[in-house]
Amino acid sequence: MTTQYKLTTLTQGLDVTIKGNADCLIHGVAPIQEAQAGQIAFLMNPLYRKFLSKTQASAIILSEEYAGECSAAIVATPNPYYVYAKIAAYFDDHPTSVPGIHPSVVMGKDCRIPASVSVGASCVIGDGVVIGERVVIGPGCVIGEFVTIDDDTHLDANVTLYHRVQIGKRVNIASGVVIGSDGFGLAKHQGKWHKVPQLGTVIIGDDVDVGSNTSIDRGAIGDTRIERGVKLDNLIQVGHNVQIGENTAIAGCVGIAGSAVIGKNCMIGGGTGVGGHISIADNVMVTGMTAVSKTIREPGIYSSGVGGLMSNKEWRKNSARLHRLEQLTQRVKALESLLVDLKEREK
Amino acid sequence: MTTQYKLTTLTQGLDVTIKGNADCLIHGVAPIQEAQAGQIAFLMNPLYRKFLSKTQASAIILSEEYAGECSAAIVATPNPYYVYAKIAAYFDDHPTSVPGIHPSVVMGKDCRIPASVSVGASCVIGDGVVIGERVVIGPGCVIGEFVTIDDDTHLDANVTLYHRVQIGKRVNIASGVVIGSDGFGLAKHQGKWHKVPQLGTVIIGDDVDVGSNTSIDRGAIGDTRIERGVKLDNLIQVGHNVQIGENTAIAGCVGIAGSAVIGKNCMIGGGTGVGGHISIADNVMVTGMTAVSKTIREPGIYSSGVGGLMSNKEWRKNSARLHRLEQLTQRVKALESLLVDLKEREK
Amino acid sequence: MTTQYKLTTLTQGLDVTIKGNADCLIHGVAPIQEAQAGQIAFLMNPLYRKFLSKTQASAIILSEEYAGECSAAIVATPNPYYVYAKIAAYFDDHPTSVPGIHPSVVMGKDCRIPASVSVGASCVIGDGVVIGERVVIGPGCVIGEFVTIDDDTHLDANVTLYHRVQIGKRVNIASGVVIGSDGFGLAKHQGKWHKVPQLGTVIIGDDVDVGSNTSIDRGAIGDTRIERGVKLDNLIQVGHNVQIGENTAIAGCVGIAGSAVIGKNCMIGGGTGVGGHISIADNVMVTGMTAVSKTIREPGIYSSGVGGLMSNKEWRKNSARLHRLEQLTQRVKALESLLVDLKEREK
């Protein structure tokens, strides 16, 4: 049986204005162009405005200005995506976990794990681990010695936390994530690399999300720190002693080399690389696949790698021209001398 | 004891022409330059043609036109690499799995798992999981609630499938793969990021391969779809609601942002990034490390990031010249005015 | 209780000169700008020289030439970072493992595992595995059939080794690493991809480090080889049949396509891509995020992707100019003709 909610129930506590049938029953969400009766949709991207007049949705979340273009019930708000997020949570069918430690779990000594915590099958918990209330640890996780995990944090299946890692409240960590592996610290001596002991740990603040298969290395001296509210996507590399400021969001496949410091409220596009020991100021946006090869001191939008997408033929031409730029510069210089010459003679 | 096969056995059912000793015994495969008596090699890349006259191999798979250059037995075919793939399968020593569920497996309620299925040690299977005939699940896998896996699919060790993920027939999933993790959906409200519930799932078609440590996120609304015959290499990020068309092959370290749509029969080079909400037409080839920052509507080969590999010294020069391009343009403009001026005066 | 060491103890066996209080007691390490009494720091980067006169550290590791600028005890050496690495090892609190096989381990047939080996909880060991003395295998690892692991090697938690992989002595493998997954070998036939059996394995030499979530594919014919002393960071993709020469260090997020050959003593910057079948000579340095699209025959420093970091506005301008380069070249050509013309007439 699908659960249905009155529109007024779904919007309770949200700062919205309802127009039309506030009592209509909603059993799910759908994209505006696909929504049927009983579903609620949202409009944020103006490209989808054209579907407003045709949609079969029973209710639409949108900005006030579009309210007249639609016969469905209206949930008007200046932030339709946020309101959608809150309403969609009613229809979230992510499995819930029953408190308790599965009998297959291998538990270390001297751990503190409240009765409200759920630890899934096949987990291995090291000595001295301290876990907060209502934490959920998925199956197959390995939690190292003296790790602390604060209240209401969720680890999905097959997460690895190394010894002494500290995780805040309400943190979500997806499967395959590794936190606290040794940083890439190497000293060369007589032609060979020698491992530099990685003595710090990783400290993850409250309300942080970490996407699947992301790696976060422990600090070499001092700690790697991910501040409150940071959101990390999948397959991100965070080197040792990196610091990431509050509410910064980093998209997939980004690599952040050791000791880089990223400010607050930044947005880093996917595939970007941030060099070692580089700083990025607060409120900086970096577009995707940028090489951040030097410190960014001012807020703004940054990019690298001139020459956007083009056909490979065009790309070959442009690359060749680039290599002939020096020659072109010399030709212009020659022309300038000639003209100076000509004008001299004219006098 | 090594198993030996007659050449005629190895080529049974393949559309090839044999010349020379069709009854020679073959016990293994080797590269043409290393092959010894009793081994079979193939020639595809013309660079290796020079080894034809010297090879010790007992048989060679090659295109008709080279058949005369070699004293070994010949397996002539227009597609030597495909024929090699079929013959090499006889020498594949990948371990086979005995049907049955290892006693250490933690099994959910209401699962349907036929007797022909093999589930390795330490796996955790959620409630309501439905598995097809002859499926092999390696050790340490975690299969979420209500996942379906169709016939003859193989999961290697330590794979994670989230709840409700659907996997087709004859799919190969390598170790460390995560399928169905939450997409990177965030709504900003009052300066903080709020998680947008990810309500869809991931649907993987028949004959798909997924390489090790690749992440595929579940859809936000609606599903992430990987169509039949798609081949994904290692460490690839597939964002929420991405669609990948039939028989498209994607090399390692590619990142595909949310809601991107990739057509059929595409080839995407390693390290490439595809931006969010971008479409790529059918039959498109993208070279490695390209930033696909806009929609591609026509088949063809595409690239970005002008300036191929060069010495760092040359790179610095070129980068500097690029920054002086505006200045050069102004100098050419000045020359043009001067010349117009000179010619005017000449009249 | 924190352990304290005399400075003379910490420096035993190291080729250093001590000045000042050689008997001072040290209980830990710290960055020079944060170090307190009882701690030892090091100076390598000249940027930190300014902290020398103010540091509270009880001892400083540095190059002879700076010895006079500091009131702490001095450990003078031409290689402060290496000496630091050796001293820091005294303060390493990485958990140590007790020899023995955890009762939850699922062990295959015909394995050889000495009494000095530690195998963590929930590991699954395949048939015929041979392990050397003092090897440590963390919890949740899956070791495939006929794998060999030589003396003193450490696998952290949740590592996956496929069948027949060979690991040398003193190798460190971090969590989430997958070694021996099938390479991306595909033959197209009648419009569909067919898997090419991957018959080789992976051979890892002595003293190799592999960072978390890195993938190393097995060879197609012949083996993938990582030579002695190679250091791999996190989230690196190593394709089938890749060869990496001794003491080469590769930073995070690098992708190396199939059959690439990388020489000895190379340094490959983070996010770089190396194309298939490409060779890189010994002693080559490649800067971060470079596309190595052709063979490098000479030692030196290499880069690609002209145009360093800039504001997005500047980036857009530069990209536009680049696309107008052809036009600019034509304008210069026109000017040259005109001038030739003018000079002719002058005669």
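How many bridges join strand 6 (residues 59–62) of chain C to strand 7 of chain C, and which way do the two strands run? There are 4 bridges, and the two strands run parallel.

## Ground rules

This is a predicted model, where local features need pLDDT of at least 70, side-chain atom pairs count only at pLDDT 80 or more, and totals for chains, interfaces and linings use all residues. Residues are numbered from 1 along each chain as its sequence is written, chains are lettered from A and ligands numbered from 1 in the order in which they are written, and side-chain values use heavy atoms, with hydrogens and water left out.

## Strand 7 of chain C

Back to that opening pair. Strands here are DSSP runs of E with at least two residues, and helices are runs of H or I with at least four residues, both numbered from the N terminus. Two strands pair if DSSP finds at least two bridges between them. Opposite A76(C) of strand 7 you'll find L62(C). Strand 7 of chain C also pairs with strand 2 (residues 17–19) of chain C, this time in the antiparallel sense, over 3 bridges. There, I18(C) stands opposite V75(C).

In a regular strand the side chains alternate between the two faces of the sheet. Strand 7 (residues 73–76) of chain C is covered on both faces, with A73(C) and V75(C) buried on one side and I74(C) and A76(C) buried on the other. Buried means under 20% relative accessible area, exposed over 50%, and partly exposed in between (1.4 Å probe, protein chains only).

## The open sheet and a buried loop residue

Chain C also has an open sheet of 10 strands with parallel pairing, in the order 9-11-14-17-20-25-28-31-34-37. Strand 9 (106–107) and strand 37 (291–292) sit at its edges with a single partner strand each, so one side of each has no neighbour in the sheet. Strand 9 of chain C runs parallel to strand 11 (residues 124–125) of chain C, joined by 2 bridges, and V106(C) stands opposite V124(C).

T201(C) lies in the loop between strand 22 (192–195) and strand 23 (202–204) of chain C. T201(C) is buried, at a relative accessible area of 1%. Leaving aside neighbours within four places in sequence, T201(C) is in contact (heavy atoms within 4.5 Å) with residues including H163(C), R164(C), R218(C) and D223(C).

## Chain A as a whole

Chain A has 4 helices and 39 strands. Its radius of gyration is 27 Å, well over the 20 Å that the globule rule gives for 347 residues, so chain A is more spread out than a compact globule. That radius is taken over C-alpha atoms, and the rule is 2.2 Å times the number of residues to the power 0.38. The C-alpha atoms fill a box of roughly 95 × 70 × 35 Å along the principal axes, and 55% of the 347 residues count as buried.

Strand 5 (residues 39–42) of chain A has both faces covered: Q39(A) and A41(A) are buried on one side, I40(A) and F42(A) on the other. Strand 5 runs parallel to strand 4 (residues 28–29) over 2 bridges, with I40(A) as the bridge partner of V29(A). Strand 5 also runs parallel to strand 6 (residues 59–62) of chain A, over 3 bridges, where A41(A) has I60(A) as its bridge partner.

## A helix in chain B

In helix 2 (residues 80–88) of chain B, 8 of the 9 residues are buried, so the helix is largely enclosed by the rest of the structure. Among them are P80(B), Y81(B), Y82(B) and Y84(B).
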